[in-house]
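Please look at the model below with its sequence at hand.

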Amino acid sequence: MEKIDRREFLKIAGAAGAALVAGGCTAGGSEDSAGRGALKPGGGDMTYRINPKTSEKVSLLGYGCMRWPLLENPVQGQSVIDQEEVNRLVDYAIEHGITYFDTAPLYIQGWSEPATGKALSRHPRESYTIATKLSNFNDFSAQAAKKMYHNSFKRLQVDYIDYYLLHAVGGGSGMELLRQRFFDNGILDFLVEERSAGRIRNLGFSYHGDVKVFDYLISLHDQVKWDFVQIQMNYVDWHNAVNDADAEYLYGELSSRGIPVVIMEPLLGGRLAKVNEHITQQFKMKRPKDSVASWAFRFAGSYPGVLTVLSGMTYMEHLVDNLSTYSPLEPLSQQELEFLLEAGDQIAAFPVVPCTGCQYCMPCPYGVNIPAVFAHYNKCITEGAILDTAASEYKKARMEYLIGYDRAVPKLRQADHCIGCGRCLKHCPQQIKIPRMMREIDEFTESLKQQI
Ligand code: SF4
Ligand code: SF4
C-alpha cells in the first residue's frame, strides 16, 4: 500500500466514513485515534479505536491466537507449539502497534492460552490487552466453569483479564444450551461480580448461530451492560450469513446501542484470501499492489463501531500484510463498498461448505480431519473450473483436485472414513451437517476418480 500523508488520510477517512454512515452503518462507541510513531509495514501508523468504557486505545488489528505455528514433536510424533516462533510473532506484533490478543481455553487443544501467556508475559502488562473465553461446552456445572475461568489466569500469567467472553453462544440447541451454560448454574451472575471486582475489565460474548440467542442477550443489555460483542463479519456474511444472522443485522443492532464490536472471521475461514480468478482480476485492476485479503480487512475495519478485527496469523507474511492494511486503514469508498458487497453475493453463490476452520468439531474419533477436508473442497470449488465439465481447464482442475486432496489430507483422514456417528454435529458453530457433507464430498471425489 502506498504511503499517504495524514491530511489526505483524514480526508479519505472522512469521506468514506460519511458514505458508510449514509449506507446504514451507524457509529458505535469507538473512534479512530492516532497511533504510535514507529516505522510500520504500511509506511504509517496503526489505526486505533477507543474503547468507550475504559478510554484505552485498541489496535484495529487484533491477534487471533487460535492458529499458532506448530512443530512436529519427534519424541511423541505429535505436533507441539513452536514457542520460539510464537514469541517472535508476538514481539513483532507489539512492536508494530498491536495491543489486542484473543485466545480461549479450547484453542489448539488447550495449548493456545499457555503459549500466548508465555509470549506476552515477556512484555509489560500495560502494553497488551488479553481476551479469553468461557468455553464450557461439555460440563455445564458452576464448579467446572469456575475452574476453567481461574485456570485462564494461571495459564495467561495475569491477575486480571481485559476482555472476557461467553464463548460461542447461539450454537447447538440455541436458547436451551445458553441457559444450561450460563443461567441455570449462575455463571453469568458470577462473571458480572468478577467484573465489579475488577478481575474482568470488559465482559461480552462471542456469537455464532441462532439469532434468537443473539436477540435475547442483546435484550439483557440494560441489565448486564455488555462491554463488547464478538461477531462474524465480512463482505460475504454481510448479506449471506447462515441462519439469517446477517452481519448487517448484527452490526446494526450493536452499533445502534453503542456496544463496541469485535470482528472474527474477517476472511471467512481463509476463503476471502483467495477468491476466484474473475474477482481477483477486478481487485488487482482497482488496487494492483494490494493483496486479496486486504480488501476483506478494509471492509471490516471501515465500520466505525468496530473496536478490533481479529486475524489468526500463523505466518509472519500474514502479520506483515495485515499490519500494512491497517497502518493506517484506508476506509472503503462508497463505490468500493458496493463492489465488495456484489462480489460477496457472487462468492456466496458458490456451493461451498461454510466451514471457517475453527476446529471445534475436532478430534473426530474416527480420525477424519474435518476442517482439512472442507478446506480442500472449498478451495477447488471457489477456483471454479471443477464445476464446469465443459470448461477447457476442467481436466486439469479434476487432476489437481485429486492429487491436491491426497497432499492436503492423509488418506486415513479423508471423508470416506466418516462413519456418520454424528458426534461432531453439536460442536459446529456454523451448524454444518458434517456427516452428510462428508458423504457428499466422498461421492463427489469418487465421481472424479471414475472419469480418469
Ligand atoms: S460424523 Fe463423521 S466426521 Fe463427525 S465425528 Fe463422526 S465419524 Fe467423525
Ligand atoms: S466443520 Fe464446523 S466446527 Fe468443524 S472446523 Fe468447520 S466450522 Fe469449525
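With which residue does Arg257 form a salt bridge? The partner is Glu253, and the closest N and O atoms of the two residues are 3.0 Å apart; a salt bridge here is a side-chain nitrogen of Lys or Arg within 4 Å of a carboxyl oxygen of Asp or Glu. Arg257 counts as partly exposed at 38% relative accessibility, and Glu253 counts as partly exposed at 22%, where buried means under 20% relative accessible area, exposed over 50%, and partly exposed in between, with a 1.4 Å probe and protein chains only.

## Basis of the model

This is a predicted model, in which local features need pLDDT of at least 70 and side-chain atom pairs count only at pLDDT 80 or more, while totals for chains, interfaces and linings use all residues. Residues are numbered from 1 along each chain as its sequence is written, chains are lettered from A and ligands numbered from 1 in the order in which they are written, and side-chain values use heavy atoms, with hydrogens and water left out.

## The chain as a whole

The protein chain has 17 helices and 13 strands, which are DSSP runs numbered from the N terminus (helices H or I with at least four residues, strands E with at least two). Of its 452 residues, 55% count as buried. Among contacts between residues at least 6 apart in sequence, 76% join residues at least 24 apart, a contact meaning heavy atoms within 4.5 Å.

## Salt bridges

By the rule given above, the count comes to 19 salt bridges. In one of them the side chains of Arg88 and Glu85 meet at 2.9 Å, N to O; because these residues are three apart in helix α2 (residues 83-95), about one helical turn separates them. Arg88 is partly exposed, at 44% relative accessibility, whereas Glu85 is buried, at 18%.

Another salt bridge brings together the side chains of Glu330 and Arg287 at 3.1 Å, N to O. This pair links distant parts of the chain, since Glu330 lies in the loop between α13 (316-325) and α14 and Arg287 in the loop between α11 (277-286) and α12 (292-301), 43 residues apart. Glu330 is buried at 15% relative accessibility, and Arg287 is buried as well, with a relative accessible area of 13%. Both belong to a network of salt bridges that links Arg287, Asp290, Arg298, Glu330 and Glu336.

Helix α12 is mostly covered, with 10 of its 10 residues buried; among them are Trp295, Phe297, Arg298 and Phe299.

Helix α17 (residues 434-450) has 17 residues and reaches 24 Å from its first C-alpha to its last, close to the 24 Å expected at 1.5 Å a residue, the expected span being 1.5 Å times one less than the number of residues. Its buried residues include Ile434, Pro435, Met437 and Phe444, and what covers the buried residues of α17 includes α15 (370-383) and α16 (394-408).

## Around the ligands

The residues around ligand 1, each with a heavy atom within 4 Å of it, include Cys364, Cys418, Cys421, Cys424 and Pro435. This shell divides into nine nonpolar, two polar and no charged residues, with Ala, Val, Leu, Ile, Met, Phe, Trp, Tyr, Cys and Pro counted as nonpolar, Asp, Glu, Lys and Arg as charged, and the others, Gly among them, as polar.

Around ligand 2 there are 15 residues, of which Cys355, Cys358, Gln359, Cys361 and Cys428 come nearest. The shell around ligand 2 holds 11 nonpolar, four polar and no charged residues, and α15 gives the most to it, with three residues. Gln359 lies in the loop between α14 (334-348) and α15 and is partly exposed, with a relative accessible area of 44%. Gln359 and Leu106 are 253 residues apart in sequence, yet 9.5 Å apart in space, C-alpha to C-alpha.

## A buried arginine

Arg125 lies in the loop between α3 (112-120) and β8 (129-134) and counts as buried at 17% relative accessibility. Its side chain reaches the backbone oxygen of Tyr160 at 2.8 Å, and a polar atom of that side chain lies 3.2 Å from the backbone oxygen of Tyr128. Leaving aside neighbours within four places in sequence, Arg125 is in contact with Ile130, Val158, Tyr160, Ile161 and Asp162.

Notes:
Polar contact = N/O pair within 3.5 Å; in protein donor to acceptor, adjacent residues only side chain to side chain.
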